[in-house]
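Dear colleague,

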Amino acid sequence: MRRVVFVDDAPEILKHLQRTLAPMQSEWTMQFFPSATPALAAIRETPCDVVVSDMTMPGMDGAQFLGEVRTVCPQTIRIVLSGDQSPANYVRSASIAHRFLRKPFDVATLKATIGQAEALRTMLADPALRSLVNEIKTLPSLPSIYQELMQEMQAPQASLKKAARIVAKDLGMVTKILQLVNSAFFGLRTYVSDPEQAVALLGFDAVKSLVLSSQVFAQFDQAQLPSFSLEALWRHAMLACACARRIAKGAGASQPVMDEAFTAALLHDVGVLVLVANRPADYARVLELVRTTQVPDWAAEREVFGADHAHVGAYLLGIWGLGDGIVEAVAFHHHPADCQASGFCAVTAVHVGDAIAEAQAHPGPVSSDVPGLDQSYLTRENFLPQLASWRELCAAA
Ligand SMILES: [Fe+2]
Ligand SMILES: [Fe+2]
């Protein structure tokens, strides 16, 4: 039985929640609080799985409350349910909540959001790793790009277009921007996969507060792990993205699958950044294992962390609310045969695009196979006959 805690200072909203969620009583234990202080006391006593909180409340407000929840109970999924759509509120929520829902809320979305959060628990079995990812506020950015964006946003003639181009050069910023713009909070009907378009939609004020708050965008500390290159990780992501896009197009994929493949390929190795930024000493052991035993990175990560970057990244993107198709493609990018989906989908494009991008960066003899490709999956799905043409499409990427 999952424990879900709701906090809202408006009695009519609490009543509405209680009434509409009554059918869920067979699956969830629910508690409703009119303010943050008693809710926090209850969570201290019995940890909860999901907390849904209003932002603007007298006394302790939603951001403070969720910050406390993060400390007391890092494994809890934190959801903001707010009617205030000002950029300032948006930015405060972004630094503290996993998901944003806006009022008036619809029960189906709330149920689906809590259901997804639950499903993701199975993706990362280790509670310690889950807590680590749940605690993450932000992904670090390259200091040079962070400075460049800061300067642009403070310039008298600051341009949103230029800012968008800067954001598109950084994995941490792209992930956060896509989370924000695709959250229910923002209320878009279509999925936005292009980082530059996402910045344009967020608008100047929101982007400026994101940059200046320093709660949301933070700088990567290279000194923690000098042997790791964030630039190289992003270069690889962009190449994998170009390849995945060409493969999806070549396979005649639908627009939604193309969009999923594009975003998932861009973010497919975000789990590496999560592990490097939060457990640098352990990741140094991963790099050492890869260097000395030539095992793939995911195998070394499983040895050191008990999970690999694919699952860590997919879990993060899942709790941050990126779509299921993207989460799935990231989760299975090294082991697509483990995925239930059949036929061409974003998983296919990202798996093949990633392997080809990796092979292009470390070229071997021309006729050799592409290392890292899951032959059993390609055989099962009958993709082997298309492989040569996909490689050709990617050659010019
Ligand atoms: Fe990977
Ligand atoms: Fe990769």
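This is a predicted model: local features need pLDDT of at least 70, side-chain atom pairs count only at pLDDT 80 or more; totals for chains, interfaces and linings use all residues.

The domain assignment divides the protein into domain 1 (2-121), domain 2 (143-219) and domain 3 (223-395), and the C-alpha centres of domain 1 and domain 2 are 26 Å apart.

Turning to the sheet, five strands make up an open arrangement with parallel pairing, in the order β2-β1-β3-β4-β5. Its edges are formed by β2 (28-33) and β5 (99-102), each of which pairs on one side only, and neighbouring strands are turned against each other by 20 degrees on average, if direction is ignored. Strand β1 (residues 2-7) runs parallel to β2 and is joined to that strand by six bridges; in β2, Phe 32 is the residue that stands opposite Phe 6.

As for the helices, the axes of α2 (residues 36-45) and α3 (residues 62-72) come within 11 Å and cross at roughly 10 degrees. Because angles under 35 degrees count as roughly parallel, α2 is roughly parallel to α3. On the α2 side the contact involves Ala 36, Ala 39, Leu 40, Ile 43 and Arg 44, which meet Phe 65, Glu 68, Val 69 and Val 72 of α3.

How values were computed:
Residues are numbered from 1 along each chain as its sequence is written. Chains are lettered from A and ligands numbered from 1 in the order in which they are written. Axes are lines fitted to C-alpha atoms, for helices over the stretch in contact, and angles run from 0 to 180 degrees between N-to-C directions. Helices (H or I, at least four residues) and strands (E, at least two) are DSSP runs, numbered from the N terminus. Angles under 35 degrees count as roughly parallel, over 145 as roughly antiparallel, 65 to 115 as roughly perpendicular and the rest as oblique. Two residues are in contact if their C-beta atoms, placed from the backbone, lie within 7 Å. Two strands pair if DSSP finds at least two bridges between them. Domain bounds come from an automatic or database domain assignment.
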